[in-house]
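Subject: Structure handover

Hello,

Here is the structure I said I would pass on. My notes on salt bridges, helix packing and nonpolar cores follow below it.

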Amino acid sequence: MEGFLLRLPEIVIQLLALAFAIAVHESAHAWTADRLGDPTGRWLGRISLNPLRHVDPIGTVLFPVLLAVLGAPVLGWAKPVPYVPRNLRNPRRDPVLVALAGPASNVLLGLTALGLLLAVKFAVPGFRELLVAVLNAGALGAAGVLAPLVYLLFSLATINTVLAVFNMVPVPPLDGSHLLEYLLPRRWAWHFAQLRAYGMILLFALLWTGVFNAMLRPFLKALLWVLLA
């Protein structure tokens, strides 16, 4: 319990970063669907950066807190934004654009956080030492007001990277599966769509076997290289 209390500031920061990243992701889905002809998400109030609009009790609360207690990186998901494909102007192409809007928003948010970190890097002497300290010892791992800010920006950069990469995995129901289904010939796309019934099993297999970690590792290494070089 003592270790958990010591990690509480960094856990809170990670949860805030996750909540904001998820809100941006789901808002992007709803906004894109609305622009393409289906207002369902807008009617439900899902074009909003208020995380409470997107909370899934398990994916946004229970699962991230459990990971935090176990000392693992804080990750999770929100309740999906519903849309009606037949309302879209192009019912075959537009679902792909709606799906890709989520990961694209995480890429933009992650790059924004990275850009702010680079601005701090070039403006503050000793930035590398500060970053290493907060990564090794958490948000309060270094003295001064900059440490929590750097930890928040780094959490935003990493969490959005993870969300973007994870959601682009072409396994149903993730966003990347819509792109692959669109690119496949219609006959193959129909067979691929049948995998939706087994999507969660496939996702757990990717996580359990470490395949997703292997996919993610180059992106996180590149992020650290840019910041520490």
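Which residue forms a salt bridge with Asp94? The partner is Arg93, and the closest N and O atoms of the pair are 2.7 Å apart. Please keep in mind throughout that this is a predicted model.

**Salt bridges**

The count of salt bridges comes to 2. Arg93 is partly exposed, at 36%.

The other pair is Asp34 with Arg42, where the closest N and O atoms are 2.9 Å apart. Asp34 has a relative accessible area of 22%, which makes this residue partly exposed. Arg42 is also partly exposed, with a value of 43%. As background, side chains of opposite charge can pair when their charged atoms come close.

**Helix packing**

Helix 5 covers residues 94-123 and helix 8 covers residues 175-183. The two pack at an angle of about 145°, and their axes are 8 Å apart. The crossing of helix 5 past helix 8 is left-handed.

On the helix 5 side, the contact is made by Val96, Ala99, Leu100 and Pro103. Helix 8 contributes Asp175, His178, Leu179 and Tyr182. Sorted by class, the residues in this contact are 6 nonpolar, 1 polar and 1 charged.

**Nonpolar cores**

The largest nonpolar core has 30 residues. Those with the most contacts inside this core are Leu117, Phe127, Leu131, Val134, Val150 and Leu227. Two or more residues come from each of helix 2 (8-35), helix 5, helix 6 (127-137), helix 7 (146-167) and helix 11 (211-228). Helix 7 gives the most, with 9 residues.

Leaving out residues up to four places away in sequence, Val150 touches Leu117, Val120, Phe127, Leu130, Leu131 and Val134.

Another core, of 8 residues, lies apart from the largest one. Its members include Val162, Val169, Val171 and Leu203. In general terms, nonpolar side chains tend to be buried together in soluble globular proteins.

Regards

Notes:
Residues are numbered from 1 along each chain as its sequence is written. This is a predicted model: local features need pLDDT of at least 70, side-chain atom pairs count only at pLDDT 80 or more; totals for chains, interfaces and linings use all residues. Side-chain values use heavy atoms; hydrogens and water are left out. A salt bridge is a side-chain nitrogen of Lys or Arg within 4 Å of a carboxyl oxygen of Asp or Glu. Buried means under 20% relative accessible area, exposed over 50%, partly exposed in between (1.4 Å probe, protein chains only). Axes are lines fitted to C-alpha atoms, for helices over the stretch in contact, and angles run from 0 to 180 degrees between N-to-C directions. Helices (H or I, at least four residues) and strands (E, at least two) are DSSP runs, numbered from the N terminus. A crossing is left-handed if the near helix is turned anticlockwise from the far one by less than a right angle, and right-handed if clockwise. Contact means heavy atoms within 4.5 Å. Ala, Val, Leu, Ile, Met, Phe, Trp, Tyr, Cys and Pro count as nonpolar, Asp, Glu, Lys and Arg as charged, and the others, Gly among them, as polar. A nonpolar core is a set of buried Ala, Val, Leu, Ile, Met, Phe, Trp, Tyr and Cys residues joined through side-chain atoms within 4.5 Å.
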